[in-house]
Amino acid sequence: MSDLVQLTKNNGIAVVTINNPPVNALSPGVPEGIAVAIEQIDKDDSVRAAVLIGGGKTFVAGADIKEFGKLTSGKSGGGFELPALLLKIEDCRKPIVMAIHGSAFGGGLELAMSGHYRVAVPAAQLGQPEVKLGIIPGAAGTQRLPRLAGVAKAVEMCADGNPIKAVDALSAGIIDHLLEGDLLTGAVAFAREIADKAVRKTRDRNDKLGSPEQNTPIFAAARENARKKQRGMLAPLAAIDAVEAATKLPFEEGCKLERKLFMDCLFSDQSKALIHVFFGEREVAKIPDIPKETPLIPISTAAVVGAGTMGGGIAMVLANAGIPVLLKETDQAALDKGLANIQKNYAASVKRGRFTQAFVDERLKLIQPTLSYDSFANADLVIEAVFEGMALKKEVFAELDRVCKPGAILASNTSTLNIDEIAAATPRPQSVIGTHFFSPANVMRLLEIVRGKATSKEVIATCMQLSKKIGKIGVLVGNCRGFVGNRMFHPYVRESIFLLEEGASVEAVDSAMYDFGMAMGPLAVGDLAGLDVGWRIRKEYRHLEKPGIRQAFAGDKLCEIGRYGQKTGAGWYKYDENRRAIPDPGVAQLVAKWSAEAGIPQREISKQEIVDRCVYALVNEGARALEEGYALRAVDIDIIYLNGYGFPSYRGGPMWYADTVGLKNVYARIQEFHKKHGELWEPAPLLKRLVEENKKFTDFNQQ
Ligand code: T1G
Ligand code: NAD
């Protein structure tokens, strides 16, 4: 037996234990070890039944995703065939009980379904998350799951990729028994009970495959849902095709079709991008100069200053993680308004089934409104979210230094201001950091953590860890104007407005970016966030702009006539009482008039040019932020844009997208824009250098 798979015997019941930490992935050696164990069990007459279980914290979390890269780059021969192993298990003459704890995901659930019985602890999760990697189950998951759980459940699980709890897997028929207490003990006892029963091969169980009449509407609804909720993604539709094959073809034929669809997806750019994202979300948590063992500051109580749009959401996020939080405002009216918003947001979450009322009641008790700093002395962490103005921020931080205990973390939610300058308002800059949440803070997953010159490693490590605890993806960035996300967003928005001033319509710009996969077009995003927010920031920094450089004017002019977007009922679009956007030809006339006054010739602009100018503006500025060290890795930028700006995950993020298109092509296009549109499009030195060295952004390493 190998170290990865152990076989032991317990009075007639064999136990196969998989030990491949941290998640018992089916890495090379694991399937082989299982196969040897099954052969021995089959041959050993003293064995009446067997249990297969995962060592450590989980059952099997799937195939080894790291192996896919080798497969698609032709570096690996593809190794052991999982489907063959699963048939071997299914054909074993002794009943095999799969004992599940932690996660049975992907190839792990496929492995479990090849067994004759499945038992699980209540906390276990089961799922086919492959579509989140741009692939589909590749080891008969789309063929065995509908046979156990029925067509509707199987198509839902394979198409959306979300895990289900063990109790739901029991009611769906995926598992046979929930086990309280020690899993191995319970599973061996269960195996003893069923040892003399006939084995049940999942592949022969066709009673739940339904009839064409029953299934047609299920697949139609699933496809429509996938096209809406997973817009632009190929894998969910392929997963639906594969499950549908299970209802129409014999098992072996269905498996063949699944395999073809699996390989098509695996070799797609979408899958490469989504696997990049999978590892990227884990990579961003690693800070090269902050060792894993850096001591963390315990965060058991917190406080938020300002209960406006952001402060309220931030207080909810902390309370949702079980952290008692003070919420301070300037006056009762502002406090009541902030609390009313919080209650409204929680009510919406209960309505959507995200939280139970009981959960919300508990959380609301953790949010303590106040008009003074009196109890701030107990806070381990304070997050400031007052108006965006340096003078006010410094005033607040000077006050926080006076009232907060030594060692407390003082964080600012500023979206653009200099963290070092804010920190200078206190004698303890080592405790000051930026925690830049995104609106709505209780929904958006991204947390840009801004490192100041003096911010201590303990404070950074603590905030990175806290981001996980509060359900966010923390990405560490340097302290420059707009940090990384907003710094790149500025040229992106600039180009979208330039395109309007050169003759494109609001609808053309937004639909081009929407079709590219952005959650919303740049102009609709402006209307949502408030055009005045950007206007105020542009005015604050106007003095820093280089003279003679073209400035976008249409957005400012809209604000000058009071069109701030949704909050004023009109911006680039008009809005009805339900905040639905209505195209407004009046805007096109206004922009055309302003452009004529500015002497900007109007022209036809292609969809491709719109996409290239907006996306490559992101890439070019991202390359600068990377080279200047404000972003640690290109993947950090990708994770920022996927989780904070609605960039399509199946394109991997702006930097990965550029690598996919080919930096040579991107550079050539940017040079073209540079020639046509001037200095703003000067290619980033890093981009130029990587092209000369025939390298990619993913090859770039700060060190
Ligand atoms: N392969 C390789 N490495 C993996 C892995 C996997 N399947 N899952 C996790 N890791 C690494 C991860 O990169 C990290 O590494 C460490 O393990 C801990 O992970 C045939 C084709 C199970 C819920 O999609 O969802 O099966 O950063 O930080 O928060 O049809 O990991 O420490 O170096 O996420 O406790 C389908 C993916 C594969 C599940 C645990 N399976 N994993 O979460 O730990 S495709 C998945 C997860 C497939 C079949 C198809 C989570 C987890 P490092 P972690 P965690
Ligand atoms: P907001 O105007 O909605 O709320 C600010 C709140 O701060 C107001 O309720 C105000 O009464 C309160 N306040 C002002 N001075 C105070 C003081 N001394 N003590 C306590 N409360 C005080 O603003 P917002 O949109 O929530 O922005 C807050 C901060 O978050 C800003 O720095 C902004 O740049 C940043 N931010 C905003 C967004 C966004 O999309 N709105 C996103 C990320 C970051």
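**Two ligands in a predicted model**

Colleague: Happy to look at this together! How many residues surround ligand 1, and which are the closest?

Modeller: This is a predicted model, where local features need pLDDT of at least 70, side-chain atom pairs count only at pLDDT 80 or more, and totals for chains, interfaces and linings use all residues. Residues are numbered from 1 along each chain as its sequence is written, and side-chain values use heavy atoms, with hydrogens and water left out. Taking a residue as near if one of its heavy atoms lies within 4 Å, ligand 1 is surrounded by 29 residues, and the closest are A61, G107, E110, G138 and R282.

Colleague: Thanks! How far is a polar side-chain atom of R282 from an oxygen atom of ligand 1?

Modeller: On the backbone side, a polar atom of A61 is 2.8 Å from a nitrogen atom of ligand 1. The side chain of E130 has an N or O atom 3.0 Å from an oxygen atom of the ligand. For R282, the distance from its polar side-chain atom to a ligand 1 oxygen is 2.8 Å.

Colleague: And ligand 2: which residues are the closest?

Modeller: Its shell holds 21 residues. A backbone N or O atom of M310 lies 2.8 Å from an oxygen atom of ligand 2, while a polar side-chain atom of E329 lies 2.5 Å from a ligand oxygen. The closest residues are M310, E329, E388, K393 and S415.

Methods:
Chains are lettered from A and ligands numbered from 1 in the order in which they are written. A polar contact is a pair of N or O atoms within 3.5 Å; within protein, one must be able to donate a hydrogen and the other to accept it, and residues adjacent in sequence count only if both atoms are side-chain atoms.
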